[in-house]
Amino acid sequence: SINFDGKKDMPIKIQSSETGTFWKGIYVSSKQKKMESKINNVEISNIDFFDNSLIQLTGGINFYNSKVSINNSKFTNSISEDAINLINSNFEINNIEIFNTKSDAIDFDFSSGNINEATFKNISGDGLDFSGSKVNLSNINLNKVEDKGISAGEKSSINLYNLNISDAKIGIASKDSSSVIGEKISLKNCVWYDFASYKKKSYFKGGYMNLKKVSGCNKSMAQNKSLLIVNDSKIKTRKINIKDLYNGKYQWEKKSKYPYTNIII
């Protein structure tokens, strides 16, 4: 386990030794989750994927089979596939900021926990990417996300409260037997869709999403055999080819007077 315990007025700073360079990250693997890793009042910057010549991982900060607490911390300028990656771990994350990532901000694989008070900006992949995870999110802000703000996949169960997303390709996606339930959701400047529910992998079912108290872009997409409910109204489903979806074929049809993604039943 690790224990980085800085102070609010004197945070611990971990960065590359030379300007313009990137360091090779952190890897924590615990045999038992009784040992808790803590990152409190820490600023981590200029990080690449973990590589110690013996092990190579996709994340910059990696936790495997761990119990993790991250509070009052900032992560900037990551060129790894995931700035933070949690695998088979339990976590509590409060008051964090992640800015300027080359790919995803946080990737959760088969993990469970809570995130409260988090800000993400200039994310070149997904903001929060979940696979097989159970997570509660509250008071989350995402701005300028080049892929999905929230991506729930592989039987994930995600609960959302007070979420703000601006300038994302897809605001929230539920796919592959995942469930996303939330309220008090606000989206602005949607690029493709504010919400999308679909199946990407053949061995899963479609996605489920039910959101209330929503103010969005009215650009939703639901694939056949998936379910998307926004403000108690079910979005009409249609046949969607996933390869075409990811290639951008189903972008919002601005010139259409009655685009299919805007039809509610």
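Asp-126, Asp-147 and Lys-148 are tied up in a network of salt bridges. That is a handy place to start with this predicted model, which holds five salt bridges in total.

The remaining pairs can be taken one at a time. Lys-24 bridges to Asp-48, with 3.4 Å between the closest N and O atoms. Both partners sit in loops: Lys-24 in the one between strand E2 (12-14) and strand E3 (26-29), Asp-48 in the one between strand E5 (42-47) and strand E6 (59-64), so the contact ties together parts that are 24 residues apart in sequence. The two ends do not get the same label for exposure, because Lys-24 comes out as partly exposed at 34% relative accessibility, while Asp-48 falls under the 20% cut-off and counts as buried at 11%.

Next up is the salt bridge of Glu-154 with Lys-201, where the closest N and O atoms are 2.3 Å apart. This pair links distant parts of the chain, 47 residues apart: Glu-154 belongs to the loop between strand E13 (134-153) and strand E14 (157-175), and Lys-201 to the loop between E16 and E17. Glu-154 has a relative accessible area of 19%, so it still goes down as buried, given that buried means under 20%. Lys-201, at 27%, is partly exposed.

Then there is Glu-183, whose side chain meets that of Lys-213 in a salt bridge at 3.6 Å, N to O. Here the partners lie in strands, Glu-183 in E15 and Lys-213 in E17, and the link spans 30 residues. Glu-183 is partly exposed at 31% relative accessibility, whereas Lys-213 is exposed at 62%.

On the covalent side, a search of the whole structure turns up one disulfide. Its partners are Cys-190 and Cys-217, with an S to S distance of 2.0 Å. The link is right-handed, with 75° about the S-S bond. Cys-190 is found in the loop between strand E15 (179-188) and strand E16 (193-198), and Cys-217 in the loop between strand E17 (208-215) and strand E18 (220-223), so the bond ties together parts that are 27 residues apart in sequence. With a relative accessible area of 9%, Cys-190 is buried.

At least two of the lining residues come from each of E5, strand E7 (67-78) and strand E9 (90-101). Sorted by class, the lining has three nonpolar, four polar and four charged residues.

The second largest pocket comes in at about 150 Å³. It is lined by 13 residues, and those nearest its centre are Asp-129, Ser-131, Lys-175, Lys-200 and Lys-201. Lys-201 has already come up as the salt-bridge partner of Glu-154. Strand E12 (128-131) and E13 each contribute at least two residues to this lining. Its make-up by class is two nonpolar, three polar and eight charged residues.

Conventions:
Residues numbered from 1 in each chain as written. Predicted model: local features only at pLDDT ≥ 70, side-chain atom pairs only at ≥ 80, totals over all residues. Heavy atoms only, no water. Disulfide = S-S within 2.5 Å. Helix = DSSP H or I, 4+ residues; strand = E, 2+ residues; numbered from the N terminus. Buried < 20%, exposed > 50% of the residue type's maximum accessible area, 1.4 Å probe, protein only. Salt bridge = Lys/Arg side-chain N within 4 Å of Asp/Glu carboxyl O. Nonpolar A, V, L, I, M, F, W, Y, C, P; charged D, E, K, R; others polar. 1 Å grid on protein atoms, 1.4 Å probe; cavity = no way out; pocket = protein on both sides within 12 Å on 5 of 7 lines; lining within 4 Å. Points joined across faces, edges and corners; volume = space filled by probe spheres on them.
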